[in-house]
Amino acid sequence: MKKYLVSGFVALTLLSSTAFAGKVLAEVNGKKITTDDVAPMLGQSGMKFDQLPPRIQRKIVDQAIEKELLKEKALHSGVQNSSEYKKALEKIKGDLALEIWMRQKFNTIHVSDAEAKSFYNKNKEKFRQPEMVHARHILVKSEKEARQIINELENTPKSQLKQKFIELARKKSVGPSAQRGGDLGFFRKGQMVKPFSDAAFRLRAGEFTKTPVKTQFGYHVIYVEEKRPAQTIPFEKIKDRIKQQIKMQKFQNAVKKEVESLKSRSSIKKMI
(Lines give C-alpha, C1' and ligand atoms only; values in the text may rest on other atoms or scores of the structure.)
Protein backbone atom coordinates (compact mmCIF):
# COMPACT_ATOMS: atom_id res chain seq x y z
CA MET A 1 0.00 0.00 0.00
CA LYS A 2 2.88 2.35 0.82
CA LYS A 3 4.40 1.83 -2.60
CA TYR A 4 1.00 2.43 -4.22
CA LEU A 5 0.58 5.75 -2.43
CA VAL A 6 4.01 7.00 -3.40
CA SER A 7 3.44 5.96 -7.01
CA GLY A 8 0.12 7.78 -6.99
CA PHE A 9 1.79 10.93 -5.70
CA VAL A 10 4.43 10.63 -8.42
CA ALA A 11 1.80 10.34 -11.11
CA LEU A 12 -0.01 13.34 -9.70
CA THR A 13 3.18 15.37 -9.72
CA LEU A 14 4.06 14.36 -13.22
CA LEU A 15 0.64 15.39 -14.46
CA SER A 16 0.82 18.75 -12.78
CA SER A 17 4.47 19.45 -13.60
CA THR A 18 3.68 19.10 -17.29
CA ALA A 19 0.51 21.15 -17.17
CA PHE A 20 1.92 24.23 -18.84
CA ALA A 21 0.19 26.21 -21.55
CA GLY A 22 -0.37 23.95 -24.54
CA LYS A 23 -1.19 24.70 -28.16
CA VAL A 24 -4.24 26.97 -28.56
CA LEU A 25 -7.07 25.14 -30.37
CA ALA A 26 -9.94 27.61 -30.06
CA GLU A 27 -11.09 30.77 -28.30
CA VAL A 28 -14.49 31.26 -26.67
CA ASN A 29 -15.43 34.78 -25.63
CA GLY A 30 -11.75 35.59 -25.15
CA LYS A 31 -10.97 32.36 -23.21
CA LYS A 32 -8.31 30.21 -24.91
CA ILE A 33 -8.84 26.45 -25.14
CA THR A 34 -5.55 24.54 -25.36
CA THR A 35 -4.36 20.98 -25.83
CA ASP A 36 -3.98 20.77 -22.05
CA ASP A 37 -7.66 21.63 -21.63
CA VAL A 38 -8.79 18.81 -23.93
CA ALA A 39 -6.34 16.21 -22.60
CA PRO A 40 -8.82 14.86 -19.97
CA MET A 41 -11.37 14.33 -22.76
CA LEU A 42 -9.09 11.73 -24.36
CA GLY A 43 -9.74 9.44 -21.41
CA GLN A 44 -7.48 6.41 -21.06
CA SER A 45 -6.68 6.15 -24.76
CA GLY A 46 -3.08 7.17 -24.12
CA MET A 47 -3.25 9.29 -27.27
CA LYS A 48 -2.13 12.89 -27.51
CA PHE A 49 -4.31 15.39 -29.33
CA ASP A 50 -1.80 15.77 -32.19
CA GLN A 51 -1.88 12.01 -32.78
CA LEU A 52 -5.62 11.96 -33.46
CA PRO A 53 -7.09 11.98 -36.99
CA PRO A 54 -8.26 15.46 -38.10
CA ARG A 55 -11.93 14.39 -37.95
CA ILE A 56 -11.60 13.34 -34.30
CA GLN A 57 -9.59 16.48 -33.47
CA ARG A 58 -12.41 18.66 -34.79
CA LYS A 59 -14.96 16.69 -32.77
CA ILE A 60 -12.92 17.06 -29.57
CA VAL A 61 -12.52 20.82 -30.13
CA ASP A 62 -16.28 21.18 -30.73
CA GLN A 63 -16.98 19.36 -27.47
CA ALA A 64 -14.48 21.58 -25.62
CA ILE A 65 -16.18 24.70 -27.01
CA GLU A 66 -19.60 23.42 -25.89
CA LYS A 67 -18.20 22.63 -22.44
CA GLU A 68 -16.71 26.13 -22.12
CA LEU A 69 -20.03 27.75 -23.12
CA LEU A 70 -21.88 25.66 -20.52
CA LYS A 71 -19.29 26.55 -17.86
CA GLU A 72 -19.85 30.23 -18.59
CA LYS A 73 -23.60 29.68 -18.35
CA ALA A 74 -23.21 27.91 -15.01
CA LEU A 75 -21.00 30.66 -13.54
CA HIS A 76 -23.35 33.40 -14.72
CA SER A 77 -26.23 31.57 -13.07
CA GLY A 78 -24.71 32.25 -9.64
CA VAL A 79 -24.37 28.56 -8.79
CA GLN A 80 -21.07 29.32 -7.04
CA ASN A 81 -23.03 31.03 -4.28
CA SER A 82 -24.98 27.86 -3.44
CA SER A 83 -24.16 25.72 -0.39
CA GLU A 84 -23.78 22.67 -2.65
CA TYR A 85 -21.04 24.41 -4.67
CA LYS A 86 -19.23 25.62 -1.55
CA LYS A 87 -19.23 22.13 0.00
CA ALA A 88 -17.84 20.60 -3.21
CA LEU A 89 -15.17 23.31 -3.40
CA GLU A 90 -14.02 22.58 0.16
CA LYS A 91 -13.58 18.91 -0.73
CA ILE A 92 -11.17 19.60 -3.60
CA LYS A 93 -9.06 22.21 -1.77
CA GLY A 94 -6.99 19.54 -0.04
CA ASP A 95 -6.24 17.70 -3.28
CA LEU A 96 -5.32 20.94 -4.99
CA ALA A 97 -3.01 21.95 -2.15
CA LEU A 98 -1.34 18.52 -2.28
CA GLU A 99 -0.88 18.74 -6.03
CA ILE A 100 0.84 22.12 -5.86
CA TRP A 101 2.93 21.12 -2.82
CA MET A 102 4.11 17.96 -4.56
CA ARG A 103 5.03 19.88 -7.70
CA GLN A 104 7.01 22.41 -5.67
CA LYS A 105 8.82 19.65 -3.78
CA PHE A 106 9.68 17.87 -7.01
CA ASN A 107 11.07 21.07 -8.51
CA THR A 108 13.43 21.61 -5.55
CA ILE A 109 15.29 18.38 -6.35
CA HIS A 110 18.42 18.76 -8.45
CA VAL A 111 20.66 16.16 -10.08
CA SER A 112 24.18 17.04 -11.22
CA ASP A 113 25.87 15.86 -14.42
CA ALA A 114 28.39 14.03 -12.23
CA GLU A 115 25.60 12.00 -10.56
CA ALA A 116 24.15 11.14 -13.95
CA LYS A 117 27.55 10.13 -15.34
CA SER A 118 28.22 7.91 -12.33
CA PHE A 119 24.87 6.15 -12.82
CA TYR A 120 25.61 5.73 -16.53
CA ASN A 121 29.03 4.17 -15.90
CA LYS A 122 27.61 1.74 -13.33
CA ASN A 123 24.68 0.68 -15.53
CA LYS A 124 26.01 0.69 -19.09
CA GLU A 125 24.25 -2.58 -19.89
CA LYS A 126 20.93 -0.73 -19.51
CA PHE A 127 21.90 1.58 -22.34
CA ARG A 128 23.00 -1.11 -24.77
CA GLN A 129 21.08 -0.88 -28.05
CA PRO A 130 20.88 -3.95 -30.33
CA GLU A 131 21.36 -3.84 -34.08
CA MET A 132 18.38 -2.04 -35.62
CA VAL A 133 16.90 -1.79 -39.09
CA HIS A 134 14.64 0.92 -40.48
CA ALA A 135 12.55 -0.75 -43.18
CA ARG A 136 9.55 -0.25 -45.41
CA HIS A 137 7.46 -2.99 -46.94
CA ILE A 138 4.76 -3.62 -49.50
CA LEU A 139 2.34 -6.37 -48.51
CA VAL A 140 0.27 -8.07 -51.23
CA LYS A 141 -1.85 -11.20 -51.33
CA SER A 142 -0.16 -13.11 -54.17
CA GLU A 143 3.40 -14.02 -55.07
CA LYS A 144 2.70 -12.97 -58.66
CA GLU A 145 1.82 -9.43 -57.62
CA ALA A 146 4.91 -9.25 -55.39
CA ARG A 147 7.14 -10.30 -58.31
CA GLN A 148 5.56 -7.63 -60.52
CA ILE A 149 6.41 -5.01 -57.91
CA ILE A 150 9.98 -6.29 -57.65
CA ASN A 151 10.32 -6.13 -61.44
CA GLU A 152 9.09 -2.52 -61.42
CA LEU A 153 11.60 -1.62 -58.70
CA GLU A 154 14.45 -3.29 -60.59
CA ASN A 155 13.71 -1.02 -63.55
CA THR A 156 13.80 2.10 -61.37
CA PRO A 157 16.98 4.26 -61.22
CA LYS A 158 18.72 3.94 -57.86
CA SER A 159 18.33 7.68 -57.17
CA GLN A 160 14.54 7.31 -57.44
CA LEU A 161 14.20 3.92 -55.75
CA LYS A 162 13.04 5.07 -52.31
CA GLN A 163 10.41 7.41 -53.73
CA LYS A 164 9.19 4.72 -56.13
CA PHE A 165 8.92 2.23 -53.27
CA ILE A 166 6.87 4.71 -51.21
CA GLU A 167 4.61 5.34 -54.19
CA LEU A 168 4.02 1.63 -54.81
CA ALA A 169 3.40 0.98 -51.10
CA ARG A 170 0.68 3.62 -51.02
CA LYS A 171 -0.94 2.26 -54.16
CA LYS A 172 -0.62 -1.49 -53.75
CA SER A 173 0.13 -2.51 -50.17
CA VAL A 174 -2.73 -4.04 -48.20
CA GLY A 175 -0.92 -3.57 -44.91
CA PRO A 176 -1.80 -0.89 -42.31
CA SER A 177 1.45 0.97 -43.07
CA ALA A 178 0.42 1.64 -46.68
CA GLN A 179 -0.49 5.30 -46.08
CA ARG A 180 2.95 5.83 -44.53
CA GLY A 181 4.61 4.52 -47.66
CA GLY A 182 5.11 1.14 -45.98
CA ASP A 183 7.22 2.68 -43.21
CA LEU A 184 7.73 0.36 -40.24
CA GLY A 185 10.29 2.51 -38.45
CA PHE A 186 13.23 0.92 -36.64
CA PHE A 187 13.00 -2.61 -35.22
CA ARG A 188 15.42 -5.15 -33.79
CA LYS A 189 15.94 -8.80 -34.64
CA GLY A 190 13.05 -10.97 -33.54
CA GLN A 191 10.62 -8.09 -33.28
CA MET A 192 8.98 -9.03 -36.58
CA VAL A 193 7.97 -12.53 -37.73
CA LYS A 194 11.09 -14.59 -38.48
CA PRO A 195 11.01 -14.75 -42.32
CA PHE A 196 10.45 -11.00 -42.50
CA SER A 197 13.09 -10.17 -39.87
CA ASP A 198 15.70 -12.49 -41.45
CA ALA A 199 15.18 -10.97 -44.89
CA ALA A 200 15.33 -7.38 -43.64
CA PHE A 201 18.55 -7.88 -41.68
CA ARG A 202 20.27 -9.52 -44.66
CA LEU A 203 19.80 -6.35 -46.74
CA ARG A 204 22.09 -3.34 -46.81
CA ALA A 205 20.74 0.21 -46.60
CA GLY A 206 19.21 1.20 -49.93
CA GLU A 207 18.51 -2.41 -51.00
CA PHE A 208 15.22 -4.30 -51.45
CA THR A 209 14.33 -7.98 -51.52
CA LYS A 210 14.67 -9.51 -55.01
CA THR A 211 12.32 -12.38 -54.17
CA PRO A 212 8.97 -12.15 -52.32
CA VAL A 213 9.09 -12.87 -48.58
CA LYS A 214 6.19 -15.09 -47.52
CA THR A 215 4.64 -14.85 -44.05
CA GLN A 216 1.23 -15.69 -42.62
CA PHE A 217 0.13 -12.18 -43.64
CA GLY A 218 0.90 -12.58 -47.35
CA TYR A 219 3.86 -11.70 -49.58
CA HIS A 220 6.21 -8.85 -48.72
CA VAL A 221 8.66 -6.75 -50.69
CA ILE A 222 11.06 -5.14 -48.22
CA TYR A 223 13.20 -2.03 -48.60
CA VAL A 224 15.84 -1.16 -45.99
CA GLU A 225 16.23 2.56 -45.48
CA GLU A 226 18.83 2.56 -42.71
CA LYS A 227 20.77 0.20 -40.44
CA ARG A 228 22.20 0.88 -37.02
CA PRO A 229 24.87 -1.40 -35.55
CA ALA A 230 24.60 -2.60 -31.95
CA GLN A 231 25.93 0.14 -29.70
CA THR A 232 25.89 1.68 -26.26
CA ILE A 233 23.90 4.89 -26.35
CA PRO A 234 26.33 7.79 -25.76
CA PHE A 235 26.03 9.50 -22.39
CA GLU A 236 25.22 12.92 -23.88
CA LYS A 237 22.22 11.46 -25.72
CA ILE A 238 20.79 9.83 -22.63
CA LYS A 239 21.95 12.29 -19.95
CA ASP A 240 18.66 14.17 -19.56
CA ARG A 241 16.66 10.94 -19.24
CA ILE A 242 19.08 9.62 -16.62
CA LYS A 243 18.86 12.85 -14.63
CA GLN A 244 15.06 12.69 -14.74
CA GLN A 245 15.15 9.07 -13.55
CA ILE A 246 17.47 9.91 -10.64
CA LYS A 247 15.36 12.95 -9.79
CA MET A 248 12.24 10.80 -9.69
CA GLN A 249 13.93 8.28 -7.40
CA LYS A 250 15.08 11.05 -5.05
CA PHE A 251 11.57 12.46 -5.07
CA GLN A 252 10.01 9.09 -4.20
CA ASN A 253 12.48 8.63 -1.36
CA ALA A 254 11.78 12.14 -0.04
CA VAL A 255 8.01 11.57 -0.11
CA LYS A 256 8.38 8.18 1.58
CA LYS A 257 10.50 9.76 4.33
CA GLU A 258 7.95 12.56 4.77
CA VAL A 259 5.08 10.06 5.02
CA GLU A 260 6.90 8.00 7.66
CA SER A 261 7.64 11.13 9.68
CA LEU A 262 4.00 12.25 9.52
CA LYS A 263 2.78 8.81 10.58
CA SER A 264 5.05 8.79 13.65
CA ARG A 265 3.62 12.13 14.78
CA SER A 266 -0.04 11.50 13.96
CA SER A 267 -2.97 9.73 15.55
CA ILE A 268 -4.22 7.19 13.01
CA LYS A 269 -7.12 4.77 13.49
CA LYS A 270 -7.96 2.09 10.94
CA MET A 271 -11.56 0.88 10.88
CA ILE A 272 -10.85 -2.21 8.74
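Colleague: Which residues is Asp50 in contact with, leaving aside its neighbours within four places in sequence?

Modeller: Lys23 and Gln57. Contact means heavy atoms within 4.5 Å, so each of the two has heavy atoms within that limit of Asp50. This is a predicted model, in which local features need pLDDT of at least 70, side-chain atom pairs count only at pLDDT 80 or more, and totals for chains, interfaces and linings use all residues. Residues are numbered from 1 along each chain as its sequence is written, and side-chain values use heavy atoms, with hydrogens and water left out.

Colleague: Why is Asp50 called exposed?

Modeller: Its relative accessible area is 55%. Exposed means over 50%, buried under 20% and partly exposed in between, with a 1.4 Å probe and protein chains only. Asp50 therefore counts as exposed. Asp50 sits in the loop between α2 (35–38) and α3 (54–76). Helices are DSSP runs of H or I, at least four residues; strands are runs of E, at least two; both are numbered from the N terminus.

Colleague: What about Asn29: buried or exposed?

Modeller: Exposed, at 63% relative accessible area. Asn29 lies in the loop between β1 (24–28) and β2 (31–34). Its phi is near 50°, a positive value in a residue other than glycine. Most residues other than glycine have a negative phi.

Colleague: What makes the largest set of 14 residues a nonpolar core?

Modeller: A nonpolar core is a set of buried Ala, Val, Leu, Ile, Met, Phe, Trp, Tyr and Cys residues joined through side-chain atoms within 4.5 Å. Those with the most contacts inside this core include Ile138, Phe165 and Val221. The elements giving two or more residues to this core are β4 (132–140), α6 (143–154), α7 (161–172) and β7 (218–228).

Colleague: Which residues does Phe165 touch, not counting those up to four places away in sequence?

Modeller: Ile138, Leu153 and Val221 are among them, and so are Arg136 and His137. Another core lies apart, with 11 residues, including Phe196 and Phe201.
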